There are 2 protein chains.
Amino acid sequence: MARKKKEEIPESCSCTIIHEDRINRVRKHMPKDEVLFNLAELFKSFADTTRVRILYSLFKEEMCVCDLSAFLGMTQSAISHQLRILKLARLVRFHKVGKVVYYSLEDDHVKEIFNYGLAHINE
Amino acid sequence: MARKKKEEIPESCSCTIIHEDRINRVRKHMPKDEVLFNLAELFKSFADTTRVRILYSLFKEEMCVCDLSAFLGMTQSAISHQLRILKLARLVRFHKVGKVVYYSLEDDHVKEIFNYGLAHINE
DNA sequence: CAAACATATGAATATATATTCATATGTTTT
DNA sequence: AAAACATATGAATATATATTCATATGTTTG
């Protein structure tokens, strides 16, 4: 009575591939893994309320760490750690004046990305 | 010898607020906390390689879970869990034909956001 | 030079989240 | 109805990450 007909489970996918044609067309246009990875990494930089608030603050004004800390009601350390991530993602730039470090947006991509994000939220 | 002059540490920020004027100008233009939170939540949906790959796959073709699973070389379960997140973020839509569920992009915001993301990466 | 201060950072902790595994749900087919 | 199948989902585990705490670095000022 043992009932085991279709014994050939394919690979990682436990199901039958239904649309080889679609997969082949999609494959042609997929960016390299590295690009997709970098894209996800970039969005990780936006994927935190604190970092979003920091970036939004810098839309209008250049600000120092102390300003951001006071304005956002968070410790200097927390802000500084997050600014490091934003620096690594090349989303903010900075310049020092004495002991004060002023941060500003690196380019306008952030604003544009945020605007489309808001458009999606408000639709 | 106890040397404790400036004893009045302000609030969450351990430093002196330097630019009250900047903070006040920024405050005027900050979106509500809820909006900033939702924006971060939206970007969280993009902040994972698997989800980026799923979304990119759907740029060109509507695909079923099985297609995505086979194409991306991941288990059906993993794909399905991630699709749930994309559904909750209203980034993908789906329709059922028999037992097959076809997924597609909800709107064009994703493409636009990705394009600006790529622009930032490639600059 | 010492004190004050703005900022940065390593380590620890707490929390979030991606994947796996097992199984459930719902549909089709025989 | 039972088998096959596509998909969904709860629980467990492993990993990533945000914040805190303590402290380091570098600059200014008395």
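User: Which helix gives the most to the surface near DNA strand D?

Analyst: Helix 5 of chain B does, with six residues. A residue is near a strand if one of its heavy atoms lies within 4 Å of it, and helices (H or I, at least four residues) and strands (E, at least two) are DSSP runs numbered from the N terminus. This is a predicted model, in which local features need pLDDT of at least 70 and side-chain atom pairs count only at pLDDT 80 or more, while totals for chains, interfaces and linings use all residues. Residues are numbered from 1 along each chain as its sequence is written, chains are lettered from A and ligands numbered from 1 in the order in which they are written, and side-chain values use heavy atoms, with hydrogens and water left out.

User: Which residues come nearest to DNA strand D?

Analyst: Of the 31 residues around DNA strand D, the nearest are Ser77(A), Cys66(B), Ser77(B), His81(B) and Tyr103(B). Of the atoms of DNA strand D that come within 4 Å of the protein, 63% belong to sugar and phosphate.

User: Turning to DNA strand C, which residues are closest?

Analyst: DNA strand C is surrounded by 31 residues, the closest being Cys66(A), Gln76(A), Ser77(A), Tyr103(A) and Ser77(B). Sugar and phosphate make up 61% of the atoms of DNA strand C within 4 Å of the protein.

User: Which side chain lies 2.7 Å from a base oxygen of DNA strand C?

Analyst: That of Ser77(A), through a polar atom. A polar side-chain atom of His81(B) is 3.1 Å from a base oxygen of DNA strand C. Cys66(A), by contrast, uses a backbone N or O atom, 2.7 Å from a phosphate oxygen of DNA strand C.

User: And what is the largest share of that surface?

Analyst: Helix 5 of chain A supplies it, with six residues. By class, the surface near DNA strand C has ten nonpolar, eleven polar and ten charged residues. Here Ala, Val, Leu, Ile, Met, Phe, Trp, Tyr, Cys and Pro count as nonpolar, Asp, Glu, Lys and Arg as charged, and the others, Gly among them, as polar.

User: Which residues of helix 4 of chain A meet helix 5 of chain A?

Analyst: Val65(A), Leu68(A), Ser69(A) and Leu72(A) meet Gln76(A), Ile79(A) and Leu83(A) of helix 5 of chain A. The classes in this contact are five nonpolar, two polar and no charged residues. Contact means heavy atoms within 4.5 Å.

User: How much area do chain A and chain B bury between them?

Analyst: About 6000 Å², 70% of it on carbon and sulfur atoms. Buried area is the accessible area (1.4 Å probe) that two parts lose on being put together, summed over both. In chain A, Phe43(A), Tyr116(A) and His120(A) lose the most area to chain B, together 11% of what that side buries.

Notes
Polar contact = N/O pair within 3.5 Å; in protein donor to acceptor, adjacent residues only side chain to side chain.
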